[in-house]
Amino acid sequence: MVIGVVLDAYNRIKSEGSGTAFVFPEAWEKYAEVIPTEEVERDGYVSAYGKRLRGELGEEEMRRAARAWSVWEGSVSRLLPPTPEALEAQWAGDDFSLAFARIENHYFTNRGFFERDGWLLEDAQIDRIKDIPTVIVQGRYDVVCPARSAWDLQRAWPESELVVVEDAGHSAFEPGIRSALLEATDRFGRA
């Protein structure tokens, strides 16, 4: 089992902008401007985006929301952000952005299918998975899922191994993260 994300922290940051917005204020502004302030105050970002991504407010709003969500994710996921052109090319296409944003929004709407915040760290949950060989791969400069999340998981699950990649953010496509994931996968394949 290879873990690269702990949902609790990601969900809080994504829904409220309480982390990545401090590092990427220009990207956050573009993400936030899609939803009217009164709707955010009433429903929160995840819910407001969900309505749009399901097409409840029409095709144009659906595409606009999908693009904003996806580009936001692409903007904050790497230690060295992509150029605006690369960001557009990879994250802004209609088909990709809609699929990507809908999947993420569904996951967050359902709180990662966790019963409550911190659920994964509870003894009962760790007891269920503790015998599964696991490497937790974490980028040191991940502003989406801060290193504290992986640290807390490894402390709750001492049978796991934590690999902190010193020159990476969140993306599995960053060279250091990719190498650590492949190394762990290859090691499991040989076992």
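Trainee: Which residue forms a salt bridge with glutamate 61?

Mentor: Arginine 64 does, with the closest N and O atoms 3.4 Å apart. A salt bridge is a side-chain nitrogen of Lys or Arg within 4 Å of a carboxyl oxygen of Asp or Glu. So 3.4 Å meets the cut-off of within 4 Å. First, the ground rules. This is a predicted model, where local features need pLDDT of at least 70 and side-chain atom pairs count only at pLDDT 80 or more, while totals for chains, interfaces and linings use all residues. Residues are numbered from 1 along each chain as its sequence is written, and side-chain values use heavy atoms, with hydrogens and water left out.

Trainee: Why are glutamate 61 and arginine 64 separated by about one helical turn?

Mentor: Because they are three residues apart in helix α6. An α-helix has 3.6 residues a turn, so residues three or four places apart point the same way. Helices here are DSSP runs (H or I, at least four residues), strands are runs of E (at least two), and both are numbered from the N terminus.

Trainee: Why is arginine 64 called partly exposed?

Mentor: Its relative accessible area is 38%. Buried means under 20%, exposed means over 50%, and partly exposed is in between (1.4 Å probe, protein chains only). So arginine 64, at 38%, is partly exposed.

Trainee: How many salt bridges are there by this rule?

Mentor: The count comes to 16. Arginine 54 and glutamate 56 make one of them, at 2.8 Å, N to O. Glutamate 56 is partly exposed at 47%. Arginine 116 and glutamate 122 also meet at 2.8 Å, N to O. Both of those are partly exposed: arginine 116 has 38% relative accessible area and glutamate 122 has 26%.

Trainee: What makes a network out of salt bridges?

Mentor: Shared partners do. They join Glu39, Arg42, Asp43, Lys51, Arg52, Glu61 and Arg64 into one network.

Trainee: How do you know that the span of α6 agrees with its number of residues?

Mentor: The expected span is 1.5 Å times one less than the number of residues. For the 18 residues of α6 that gives 26 Å, and the end C-alpha atoms are 26 Å apart, so the two agree. Helix α8 passes too: its 16 residues should span 22 Å, and its end C-alpha atoms are 22 Å apart.

Trainee: Why is serine 70 called buried?

Mentor: Serine 70, in helix α6, has a relative accessible area of 0%. That is under the 20% limit, so serine 70 is buried. Leaving aside neighbours within four places in sequence, serine 70 is in contact (heavy atoms within 4.5 Å) with Trp91, Phe96, Ser97 and Phe100. Of these, Ser97 and Phe100 are among the buried residues of α8. Other buried residues of α6 include Trp69, Val71 and Trp72.

Trainee: What makes a nonpolar core?

Mentor: Buried Ala, Val, Leu, Ile, Met, Phe, Trp, Tyr and Cys residues, joined through side-chain atoms within 4.5 Å. The largest such core has 31 residues, and Tyr45, Tyr49, Leu53 and Trp69 have the most contacts inside it. The elements giving two or more residues to this core are α3 (25-32), α5 (45-53), α6 (59-76), α7 (84-91) and α8 (94-109). Helix α6 gives the most to this core, with eight. Apart from it lies another core of nine residues, among them Trp119, Ile136, Leu153 and Trp157.

Trainee: Which residues form a nonpolar patch on the surface?

Mentor: Leu79, Leu80 and Tyr141, with about 330 Å² of accessible area together. Patch residues need over 30% relative accessible area and no salt bridge; nonpolar side chains (Val, Leu, Ile, Met, Phe, Trp, Tyr) are joined within 5 Å, like charges within 9 Å. Areas come from the Shrake-Rupley method with a 1.4 Å probe, and for residues only the protein chains shown count as cover. Tyrosine 141 sits in the loop between β2 (135-139) and α10 (147-156).

Trainee: Which loop holds arginine 111?

Mentor: The loop between α8 and α9 (123-129). Arginine 111 has a positive phi of about 50 degrees although it is not a glycine. Phenylalanine 113 lies in the loop between α8 and α9 and has a positive phi of about 65 degrees, again without being a glycine.
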